[in-house]
Every structure is written in structure tokens, then in C-alpha cells.
Amino acid sequence: MELLVVKDYEEMSKKAAAIIASQVIIKPNSVLGLATGDTPLGMYKELIKRYKENEVDFSKVKTFNLDEYYGLTKDNIQSYHFYMMNNFFKFINIDSNNVNIPNGTYNDIEENCLNYERKIKESGGIDVQVLGIGVNGHIGFNEPNVNFEAQTHLVNLDEKTIKSNARFFNSIDEVPKQAISMGIKTILQSRKIILLANGEAKAEAIYNTVKGKISPEVPSSILQLHQNVTIILDESAAKLL
Ligand code: PGA
């Protein structure tokens with residue numbers, strides 16, 4: 001694991017954007033694994049800026065998002081489809097046919113999940129996967145007591161995740177209790193992984209990720225076994241290291 005501790009959120013975002021931009025410049029048809037939440041917002045802003053300055057061209061890039069709430073339609077403002085469109089995709093020249101996000105409304109969940117895995121494989125696999133981390137060490141929506149072997153699947157969200165994500169909804173009761181998420185195995189198959197974390201609330205999860213025992217109770221701890229992981233932290237998230 002490579003650890004980069006930077007001053008603040010802005011620097012973390014710039015560093016992450018630089019990694020993604022250079023990946024796309026070197027390989028214009030890169031396959032990117034993308035994340036949602038508060039953490040990568042600054043990275044998306046920085047990538048949009050670089051696109052507007054003609055530094056990076058997304059026209060041949062393919063993307064696969066980590067997860068989607070189960071039960072939310074694409075136009076629901078809480079859905080990750082909506083998030084990706086409004087925080088990133090509509091500002092860059094990505095081809096909408098190259099955008100992939102798990103479908104949260106499919107009835108045949110198993111077929112939907114298998115299809116997602118198949119598409120990732122057919123695209124040649126993910127070159128760089130961006131990850132945030134939950135306060136409980138989840139990556140994607142792979143919650144504690146995870147099955148490290150799982151691929152894209154339906155997950156039940158952990159109490160801590162529901163509480164933490166309630167800030168995006170009118171009330172905690174509106175937070176979906178399930179999601180479709182890439183599995184740990186899917187994530188580990190990416191060639192490169194960058195994990196971003198900022199703020200003190202993530203410090204314990206980061207400590208457990210980097211220094212803890214590899215255990216299903218801390219899903220992110222499995223990243224210790226991946227060959228090419230860069231963790232970018234602000235000083236608060238790195239506080240316990
Ligand atoms: P956040 O979520 O970026 O909104 O903190 C990260 C996560 O739960 O994976």
C-alpha cells in the first residue's frame with residue numbers, strides 16, 4: 001500500500017484527479033471504477049476543470065460505478081445515477097453508452113448482477129478503481145462481516161451506514177435498506193485502486209485498513225493484499241497512523 005498524507009481535502013482531491021487524468025491521457029480508452037458520496041466530489045470538480053482546460057478527453061473512457069441503492073429509480077435525486085450525472089458526467093464529454101451503474105430497480109437481481117460483472121470483463125477490466133470508505137470500513141456497500149469472495153450482489157446496509165447516509169435524505173426512514181454493490185472480489189480485480197478519505201470520522205477505519213488484521217469485520221482491510229493500492233488521506237483521516 002502506498003500512503004499519501006496531504007494537508008487537506010482540496011489537496012486530496014487534486015492528487016486523486018491527477019492520478020485519474022494521467023491514466024486517461026496514457027490510455028484514452030481507460031476503464032474507470034467510480035465512487036459516490038461526499039469524498040470524491042472535489043476530485044470530480046477537479047477533473048471537470050481539467051476537461052474544460054482541454055487537458056483530458058473522456059470520449060473513449062468507460063466507467064463502472066461501485067453501487068446503487070436498491071429501489072431508487074435513476075431520476076430519484078438520491079440515486080447514484082442522479083449523483084453521477086449531476087456531479088460529473090453532464091460536465092464532461094463521456095459517451096453515455098460507456099457509462100455503467102448498477103440498476104437499482106431490476107426485478108431479476110441475480111441476472112442484473114451477473115450482467116454487470118460480464119460487462120466489466122468484456123470491457124477488459126477496471127484500470128483504476130476509486131474508493132471512499134465508510135466509518136465502519138465498508139468499501140462500495142460491502143459491509144462488515146463481508147464475504148471476500150462476492151462479486152456484484154444485493155447487500156443489506158449496515159445500521160452505521162444507514163445512520164451516516166441519513167444526512168442526504170429528509171429522514172432516516174427514507175434511506176434505502178439495501179443496495180446493489182460490486183463485491184470485494186470485483187474491486188480486487190481492478191489493476192489499480194485509489195482510496196480517498198478525509199476527516200477525523202474516518203481515522204479509525206483508516207487505521208484498521210492499514211494497520212489492522214485482515215478480517216471480514218473490516219472489509220477495507222483486504223486491500224492490504226492488493227498489489228497496487230494508493231491511499232490518499234488528509235491529516236485528520238491519517239491521525240491514528
Ligand atoms: P462519504 O461516504 O464519501 O460520503 O463519506 C463514503 C462511503 O460510505 O463509502
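## Basis of the model

Buried here means under 20% relative accessible area, exposed means over 50%, and partly exposed covers the values in between (1.4 Å probe, protein chains only). The model is predicted, with local features requiring pLDDT of at least 70 and side-chain atom pairs pLDDT 80 or more, while totals for chains, interfaces and linings use all residues. Residues are numbered from 1 along each chain as its sequence is written, and side-chain values use heavy atoms, leaving out hydrogens and water.

## Aromatic pairs and cluster

Rings of Phe, Tyr and Trp (its six-membered ring) are paired if their centres lie within 6.5 Å; planes under 30 degrees apart are called stacked, over 60 edge-to-face, and the rest tilted. The count of aromatic pairs under this rule is eleven. One of them joins Y51 and F58, which are tilted because their planes stand at 55 degrees, with ring centres 6.5 Å apart. Y51 is partly exposed at 24% relative accessibility, whereas F58 is buried at 1%.

Y69 and F141 form another tilted pair, with centres 5.6 Å apart and planes at 40 degrees. This pair connects distant parts of the chain: Y69 belongs to strand β4 (residues 67-69) and F141 to the loop between β6 and β7, 72 residues apart. Strands (E, at least two residues) and helices (H or I, at least four) are DSSP runs numbered from the N terminus. Y69 and F141 are both buried. One aromatic cluster is formed by Y44, Y51, F58, Y69, Y80, Y83, F88, F89, F141 and F169.

## Annotated active site

The unreviewed UniProt entry lists D67, N136, H138 and E143 under "active site". From this set, D67, N136 and H138 are in the lining of the largest pocket. UniProt positions are given in the numbering used here, feature names are shortened, and annotations may be inferred rather than shown by experiment. Pockets are found on a 1 Å grid over the protein atoms alone, as open sets of points with protein on both sides within 12 Å along at least five of seven lines; a cavity is instead a set of points where a 1.4 Å probe fits but cannot get out, and lining residues have an atom within 4 Å of a point.

N136 sits in the loop between β6 (128-131) and β7 (153-156), and H138 is also placed in the loop between β6 and β7. N136 is buried at 10% relative accessibility, and H138 is buried at 10%. Contacts (heavy atoms within 4.5 Å) are given without residues up to four places away in sequence: N136 touches E143, P144, D158, K160, T161, E217 and P219, and H138 touches G132, I133, E143, T161 and P219.

## Salt bridges

A salt bridge is a side-chain nitrogen of Lys or Arg within 4 Å of a carboxyl oxygen of Asp or Glu. The whole structure contains eleven. K7 takes part in a salt bridge with D8 (3.7 Å, N to O) and in one with E11, where the closest N and O atoms are 4.0 Å apart. K7 is exposed at 52% relative accessibility, while D8 is partly exposed at 25% and E11 is partly exposed at 35%.

In the salt bridge between E200 and K239, the closest N and O atoms are 2.6 Å apart. E200 lies in the loop between β9 (192-197) and α7 (203-210) and K239 in the segment after β10 (229-234), so this pair ties together parts 39 residues apart in sequence. Salt bridges also link E46, K49, R50 and E55 in a network.
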